[in-house]
Amino acid sequence: LSKGMTYKNSISGLKLGGGKAVIIGNSRQDKTEALFRKFGEFVNSLGGKYITAEDVGISPVDMNWVNMETNHVVGLPGKSGDPSPLTALGVYMGMKSCAKIKYGTDSLEGKKVAVQGVGHVGEYLVSHLIKENALVTVTDIHEDVLKRISKEYGVNVVAPDEIYDVEMDIYAPCALGSTINDENLDRLSCSIVAGAANNQLENEVIHGDELLKRKIMYAPDYVINAGGVINCFSEVEGLSSQWSVGKTKEIYNTIYNIVKRSKDEEKATYLIANQMAEERIEAIGKVKLPL
């Protein structure tokens, strides 16, 4: 079970619970058909209680191997496909929503955005930002990826540990989690944190409250990055790509409401988001209670 996925699905208004699966290994070296088919066997043994899809280091092609052993898999080529574009769209919409409250306009033109991690989601986010004439700085642990992104988009590139020290209005963590921590908080010059990574706060309470204290606007990770699971839900329910895009764009309003309540109530945004997710879980739970 995954609290983050449960809350993500709840606050996004999706009829799903929440779970995560992890395959430990090097995504560039350790992938084999046998590995993913064995994973598919395991998913199938759960009888539909868990539906798997892409995440960090996984591609739609990998899901084809999983699909050889189970039908409880989404994000397949030819169906809803790679969820990364919608994840990035949701982050972009959430970022614009934060900007609307922080700067009075949701235009990101001229805003300095530091994107940490330019894998599938990060690259799509960079594309949105460049089209709006934001000033983008990126980093990634893979040199070949950085070279390609720099050449294709004309963005500024820095080494992985230097990303926290660049001049920025918005910090977009799009790699692994816990980059909002005691050390990095003192290095960040941003006024907004809005990115695609899961578990961005090393300690939700300590660092969520510290962001509020420092007047840094934080878009809760499981809210802003929900575009991917929206994409997957559309495949489960047989909904159109147009529905998925429209639903993902609603992240703008959800983030806006969370951030506004945070300002009005002087509570950290993670608390507001958790409360909203829990309220829906409780309400739906009462509806489903047996008579």
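Buried means under 20% relative accessible area, exposed means over 50%, and partly exposed lies in between (1.4 Å probe, protein chains only). Helices (H or I, at least four residues) and strands (E, at least two) are DSSP runs, numbered from the N terminus.

This is a predicted model: local features need pLDDT of at least 70, side-chain atom pairs count only at pLDDT 80 or more, and totals for chains, interfaces and linings use all residues. Residues are numbered from 1 along each chain as its sequence is written, and side-chain values use heavy atoms, with hydrogens and water left out.

**The sheet**

- Strands of a sheet pair through backbone hydrogen bonds, either parallel or antiparallel.
- Here 6 strands form an open sheet, in the order β3-β2-β1-β4-β5-β6, and the pairing is parallel.
- The edges belong to β3 and β6 (217-218); each has a single partner strand, so one side of each lacks a neighbour in the sheet.
- Two strands count as paired if DSSP finds at least two bridges between them.
- β1 and β4 run parallel and are joined by 4 bridges.
- In this pairing, valine 115 stands opposite alanine 172 in β4.
- β4 is also joined to strand β5 (residues 192-193) by 2 bridges, and these two run parallel.
- Tyrosine 171 stands opposite valine 193 in β5.

**The nonpolar cores**

- A nonpolar core is a set of buried Ala, Val, Leu, Ile, Met, Phe, Trp, Tyr and Cys residues joined through side-chain atoms within 4.5 Å.
- The largest core has 53 residues, and Met95, Val115, Leu125, Leu129 and Val138 touch the most other members.
- Helix α4 (residues 84-103) gives the largest share of this core, 10 residues.
- Leucine 125 touches Ala88, Val91, Tyr92, Met95, Ala172 and Cys174, leaving aside residues up to four places away in sequence.
- Contact here means heavy atoms within 4.5 Å.
- Another core, of 16 residues, lies apart from the largest one; Val158, Leu211, Ile216 and Tyr218 are among its members.

**Helix α5**

- What span should the 12 residues of helix α5 (residues 120-131) have at 1.5 Å a residue? They should span 16 Å, and the end C-alpha atoms are 17 Å apart, which agrees.
- The expected span of a helix is 1.5 Å times one less than its number of residues.
- The buried residues of α5 are Val121, Gly122, Glu123, Leu125, Val126, Ser127 and Leu129.
- These buried residues pack against α4, β1, β2 (135-139), α6 (143-153) and β4.
- Just after α5, asparagine 133 takes a positive phi of about 65°.

**Salt bridges**

- Side chains of opposite charge can pair when their charged atoms come close.
- A salt bridge is a side-chain nitrogen of Lys or Arg within 4 Å of a carboxyl oxygen of Asp or Glu.
- The structure holds 21 salt bridges.
- One of them joins aspartate 62 and lysine 31 (2.6 Å, N to O). Aspartate 62 lies in helix α3 (residues 60-67) and lysine 31 in the loop between α1 (3-11) and α2 (33-45), so the pair ties together parts 31 residues apart in sequence.
- Aspartate 62 is buried, at 4% relative accessibility. Lysine 31 is partly exposed, at 28%.
- Lysine 112 forms a salt bridge with glutamate 167, with the closest N and O atoms 3.8 Å apart.
- Lysine 112 is partly exposed at 29%, whereas glutamate 167 is exposed at 60%.
- Arginine 261 and glutamate 265 also form a salt bridge, with the closest N and O atoms 3.1 Å apart. Both lie in helix α12 (residues 251-265), 4 residues apart, about one turn of the helix.
- An α-helix has 3.6 residues a turn, so residues three or four places apart point the same way.
- Arginine 261 is partly exposed at 23%, and glutamate 265 is partly exposed at 36%.
- Salt bridges that share partners join Asp161, Asp165, Glu183 and Arg187 into one network.
- Aspartate 161 is in the loop between β3 and β4 and is partly exposed, at 48% relative accessibility.
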